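Trainee: I would like to go through this structure and ask what the labels rest on.
Mentor: Go ahead, and take one label at a time.

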Amino acid sequence: MRQPRVIRCAACAGRIKPQHPHIGVEDLGTGKEFSYHARSGCQIRAVEETATRLRAGKVYVMHHYHSSKCPDEAPGFGCAGGCFDTPMAAAN
Ligand SMILES: [Zn+2]
Ligand SMILES: [Zn+2]
């Protein structure tokens, strides 16, 4: 009865492969996690939807899951693996 865990993007409803980079937005109230692709279109949706939910008084924490091939040991945005598009790069 073991079911493989299928992750779907909350922005485009496409499937996310667990070994590929993706974003998780965890609802600290329910433990439910929304997942999004790392590409910029889905990332922007993640940020917008999280902002909307935060305004509704919920508490979230955002996780960045890097590719299983990512060479950085403590990766962040702009990691050596290039996992995440950086739509906010202009802020520098
Ligand atoms: Zn997506
Ligand atoms: Zn990475």
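Trainee: Why is A11 called buried?
Mentor: Buried means under 20% relative accessible area, exposed means over 50%, and partly exposed lies in between, with a 1.4 Å probe and protein chains only. A11 has a relative accessible area of 18%, so A11 is buried.

Trainee: What kind of model is this, and how is it numbered?
Mentor: It is a predicted model, in which local features need pLDDT of at least 70 and side-chain atom pairs count only at pLDDT 80 or more, while totals for chains, interfaces and linings use all residues. Residues are numbered from 1 along each chain as its sequence is written, chains are lettered from A and ligands numbered from 1 in the order in which they are written, and side-chain values use heavy atoms, with hydrogens and water left out.

Trainee: Where is A11 found, and what does A11 touch?
Mentor: A11 is in the loop between strand 1 and strand 2. Strands are DSSP runs of E with at least two residues, helices are runs of H or I with at least four, and both are numbered from the N terminus. Not counting residues up to four places away in sequence, A11 touches Y36, C42 and R45; contact means heavy atoms within 4.5 Å.

Trainee: How do you know which residues coordinate the zinc ion (ligand 1)?
Mentor: Donors are N, O and S atoms within 2.8 Å of the metal (3.2 Å for Na, K and Ca); water is not among the atoms, so sites may look incomplete. Here C9 (SG), C12 (SG), H37 (ND1) and C42 (SG) coordinate the zinc ion (ligand 1) at 2.0 to 2.4 Å. Along the chain, these donors follow the spacing C-x2-C-x24-H-x4-C. H37 and C42 are both buried.

Trainee: What makes the arrangement around the zinc ion (ligand 1) tetrahedral?
Mentor: Four donors count as tetrahedral if all angles lie between 85 and 135 degrees; four count as square planar and six as octahedral if opposite donors are over 155 degrees apart and all others between 65 and 115, and anything else is irregular. The four donor atoms around the zinc ion (ligand 1) subtend angles of 98 to 120°, so the arrangement is tetrahedral.

Trainee: What makes the arrangement around the zinc ion (ligand 2) tetrahedral?
Mentor: The angles there are 102 to 122°, which makes the arrangement of the four donor atoms around the zinc ion (ligand 2) tetrahedral. The donors are H66 (ND1), C70 (SG), C79 (SG) and C83 (SG), at 2.0 to 2.4 Å, with the spacing H-x3-C-x8-C-x3-C along the chain. C79 and C83 are both buried.

Trainee: Which residues have the most contacts inside the largest nonpolar core?
Mentor: They are C9, A11, I23, V25, Y36, C83 and F84, in a core of 15 residues. A nonpolar core is a set of buried Ala, Val, Leu, Ile, Met, Phe, Trp, Tyr and Cys residues joined through side-chain atoms within 4.5 Å. Strand 3 (22-27) and helix 1 (40-55) each supply at least two residues of this core.

Trainee: How many aromatic pairs does the structure hold?
Mentor: The structure holds one aromatic pair.

Trainee: Why is the pair of F34 and Y60 called tilted?
Mentor: Rings of Phe, Tyr and Trp (its six-membered ring) pair if their centres lie within 6.5 Å; planes under 30 degrees apart count as stacked, over 60 as edge-to-face and the rest as tilted. The ring centres of F34 and Y60 are 6.5 Å apart and the planes are at 50°, so the pair is tilted. F34 lies in strand 4 (residues 33-37) and Y60 in strand 5 (residues 60-65), so the pair ties together parts that are 26 residues apart in sequence.

Trainee: How do you know whether Y60 is buried or exposed?
Mentor: Y60 has 13% relative accessibility, so Y60 counts as buried.

Trainee: What sits over the ring of F34?
Mentor: The charged end of R53 does, 3.8 Å from the ring centre. A charge sits over a ring if NZ of Lys or CZ of Arg is within 6 Å of the ring centre and within 35 degrees of the ring normal.

Trainee: Why is R39 called partly exposed?
Mentor: The relative accessible area of R39 is 46%, so R39 is partly exposed. R39 lies in the loop between strand 4 and helix 1.

Trainee: Why does P18 count as exposed?
Mentor: P18 has 54% relative accessibility, so P18 counts as exposed. P18 lies in the loop between strand 2 and strand 3.
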